Amino acid sequence: MNAFAAIALWSTVALLGLRLKHVPPFLLVGAALLIGGLAGLRRGTFRGLRPRTVLLGVYGLFAYHFCLFMALRLAPPVETSLLNYLWPLLMVALAPVLLPECALKPRHLAGVLLGFGGVILLVAGETSGPLSGHAAGYGLAVAAAFIWASYSLLTKRFGGSGTAGVSACCLISGALSLACHAAFEPRYAFVAADAASLLALGLGPLGVSFYLWDRAVKEGDPRAIATLAYLTPLLSTAWLTLFGGGRLTLASAAAAALIVGGAVVGSR
């Protein structure tokens, strides 16, 4: 349930991002991560944190978003997002390497491949062309996928960092994201109309979701969790259809069947 709750929260990123598309991305992520970090802040949050915990958290939360947003600056967004969604597949493939007790079973591989096939079908109508050119952007998108997959597996290997650790890493990663905003982006001042969507982004997909994910990968089977992750773009499409002006198509329905089928097969 923790994994599904995190995935459900992540699926709202596109809708909230659409409402905040005028905000520079590093500023948006930095502010949202600070809100998410404050949501889990408690007395003694930074006391007793191990350097390994902090480095792993910053690797997952900051390095992932840095690579993803730099990729989006250098390559078309749809193709970049598709490559970023290699992370569940990489999570399954890397599980036996980083977690020797997690042997790769055919059903896990089948589930994650079905899910990725569904994602390809979901975005096929939006792609602007073949994956050629924009090599740096595509490379950064794949790097982002690798970072999130390995971060998730290493979280399980090292036992997770708990609410206090995730809160600290959100705050540090948020500060680093704001530094990237200062270095790479034009200045922007938030206005009152941004407040509700920014608060929802910080408390949900860039806040509580990380606490839930930390617990999910620590306690659950990462191979099964990875197959559920492809529900994210499917749910995202549903949110956009309901509230963002998007529309469902026959391809969307077929993609839904593949993604849900993959989740059922892989999480058995």
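Residues are numbered from 1 along each chain as its sequence is written, and side-chain values use heavy atoms, without hydrogens or water. In this predicted model, local features need pLDDT of at least 70 and side-chain atom pairs count only at pLDDT 80 or more, whereas totals for chains, interfaces and linings use all residues.

**First stop: H4**

Select residues 51-74, helix H4. Helices here are DSSP runs of H or I with at least four residues, numbered from the N terminus. H4 has 24 residues and reaches 33 Å from its first C-alpha to its last, close to the 34 Å expected at 1.5 Å a residue; the expected span is 1.5 Å times one less than the number of residues. At Tyr59, H4 bends by about 30 degrees, the angle between axes fitted to the seven residues ending there and the seven starting there.

**Second stop: H3 against H4**

Axes are lines fitted to C-alpha atoms over the stretch in contact, and angles run from 0 to 180 degrees between N-to-C directions. Now display Pro25, Phe26 and Val29 of H3, which meet His65, Phe66, Phe69 and Met70 of H4; contact means heavy atoms within 4.5 Å.

Select residues 2-10 (H1) and 231-243 (H12), which pack at about 45 degrees with their axes 8 Å apart. The contact includes Phe4 and Trp10 of H1 and Leu235 and Trp239 of H12.

Notes: Helices (H or I, at least four residues) and strands (E, at least two) are DSSP runs, numbered from the N terminus.
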